[in-house]
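Open the structure in your viewer and keep the selection tool at hand. This tour goes from one selection to the next and says what is there.

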Amino acid sequence: MHSIEYDRAGDPAQALRLIAQPNAKFIGGGTNLLDLMKGDVEQPARLVDINRIGLDRIAELPGGGLRIGALARNSDAANHPLVRTRYPLLSQALLAGASGQLRNMATMGGNLLQRTRCPYFMDTAFDMCNKRRPGSGCGAREGYNRMHAILGASEACIAVHPSDMAVALAALDATVQVSGPQGERAIPLAEFHRLPGTTPQFDTVLDPRELITAIDLPPPLFQQHVHYLKVRDRASYAFALVSVAAALEMEGGVVRQARVALGGVAHKPWRLPAAEAQLAGQSLSDERSGALADALLAGARPFRDNRFKIDLARRAIVRALRNAGESA
Ligand code: SF4
């Protein structure tokens with residue numbers, strides 16, 4: 001049994017002071033952290049409760065974008081009128097994640113920081129996991145790797161990031177607002193999560209003493225032609241084998257701009273703007289979507305149990321783009 005100190009912060013400044021203590025962790029909804037603590041995967045000495053520091057508002061930005069407070073609950077964001085009407089892709093992705101009860105607790109900031117569900121990471125009975133115990137090896141590489149990465153993996157780690165929300169945010173060019181000892185900074189979503197490389201213990205570029213304060217969305221471009229497609233082993237409460245966030249800006253049947261982000265395939269949401277550019281100025285067809293998918297998946301490297309993901313991802317991209325083109 002580990003004893004844990006508990007502090008409740010009253011505002012963001014106090015939260016930043018408290019998190020500077022040794023081995024302290026923020027707790028918001030707790031939907032991932034508490035599971036990891038019960039399994040001894042995470043062993044913080046101190047929890048800093050940030051549920052009462054504000055930061056749960058959803059409000060328009062002066063330039064036409066939207067700021068979603070880091071402590072807004074996933075269900076509140078998904079069902080907010082401005083999110084539903086202006087950023088339906090985000091609403092769809094949020095509603096595809098977890099269960100209703102979890103979405104009612106999980107925060108937007110916490111969703112970004114949730115950790116991989118790789119079974120070798122989640123279960124301390126397994127000795128080998130470089131993400132949990134750096135230098136111990138990767139149990140998944142030669143073990144059970146059906147759910148694992150086909151893109152961007154390293155010798156040290158082949159885990160995937162589990163968030164649906166982050167995939168839509170990547171497609172929408174969101175920005176993560178952060179506050180820390182060095183002041184405030186804005187991190188593009190595409191740069192927030194990192195590939196595992198030789199240091200898979202770090203999921204993101206966030207300093208542990210920094211606090212996510214908000215997620216900013218740019219002025220809406222994709223309100224009509226969007227589709228979030230999640231392929232999973234059962235219809236709800238399951239992580240993606242492959243997911244696709246597809247968004248199209250169309251005019252008279254011609255694609256002006258396309259965005260395609262993949263989930264369930266890498267240590268971070270996967271995008272390739274050069275592949276998306278292939279669709280600009282073209283009418284949408286399965287053949288052209290297939291060519292985009294081939295470019296997006298060109299670097300895919302499967303492992304023993306997840307070879308199926310390459311073909312599954314290709315077909316999911318084509319279908320998500322077709323559905324996005326037909327939606328209105
Ligand atoms: Fe650990 Fe990553 Fe290997 Fe899973 S894939 S066992 S998280 S190092």
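**Stop 1: a pair at helix α9**

Select arginine 141 and glutamate 155: they form a salt bridge, with the closest N and O atoms 3.5 Å apart. Arginine 141 lies in helix α9 and glutamate 155 in the loop between α9 and α10 (165-171), so the pair ties together parts 14 residues apart in sequence. Arginine 141 is partly exposed, at a relative accessible area of 22%, whereas glutamate 155 is exposed, at 65%. Keep in mind that this is a predicted model.

**Stop 2**

Next, select aspartate 203 and lysine 131, another salt bridge, whose closest N and O atoms are 2.6 Å apart. Aspartate 203 is in the loop between α11 (189-192) and β8 (211-217), and lysine 131 is in the loop between α8 and α9, so this contact ties together parts 72 residues apart in sequence. Aspartate 203 counts as buried because its relative accessibility, 13%, is under 20%. Lysine 131 also counts as buried, at 5%.

**Stop 3: two helices**

Now select arginine 322 and aspartate 286, whose side chains meet in a salt bridge (3.1 Å, N to O). Arginine 322 belongs to helix α14 (residues 308-326) and aspartate 286 to helix α13 (residues 286-296), 36 residues apart.

**Stop 4: the ligand**

Finally, select the ligand, which sits in the largest cavity. Around the ligand are 15 residues, the closest being Cys118, Cys129, Cys138, Cys157 and Ile158. This shell has eleven nonpolar, three polar and one charged residues.

Definitions and conventions: Residues numbered from 1 in each chain as written. Predicted model: local features only at pLDDT ≥ 70, side-chain atom pairs only at ≥ 80, totals over all residues. Heavy atoms only, no water. Near = heavy atom within 4 Å. 1 Å grid on protein atoms, 1.4 Å probe; cavity = no way out; pocket = protein on both sides within 12 Å on 5 of 7 lines; lining within 4 Å. Sits in = over half its atoms within 2 Å of the grid points. Nonpolar A, V, L, I, M, F, W, Y, C, P; charged D, E, K, R; others polar. Salt bridge = Lys/Arg side-chain N within 4 Å of Asp/Glu carboxyl O. Helix = DSSP H or I, 4+ residues; strand = E, 2+ residues; numbered from the N terminus. Buried < 20%, exposed > 50% of the residue type's maximum accessible area, 1.4 Å probe, protein only.
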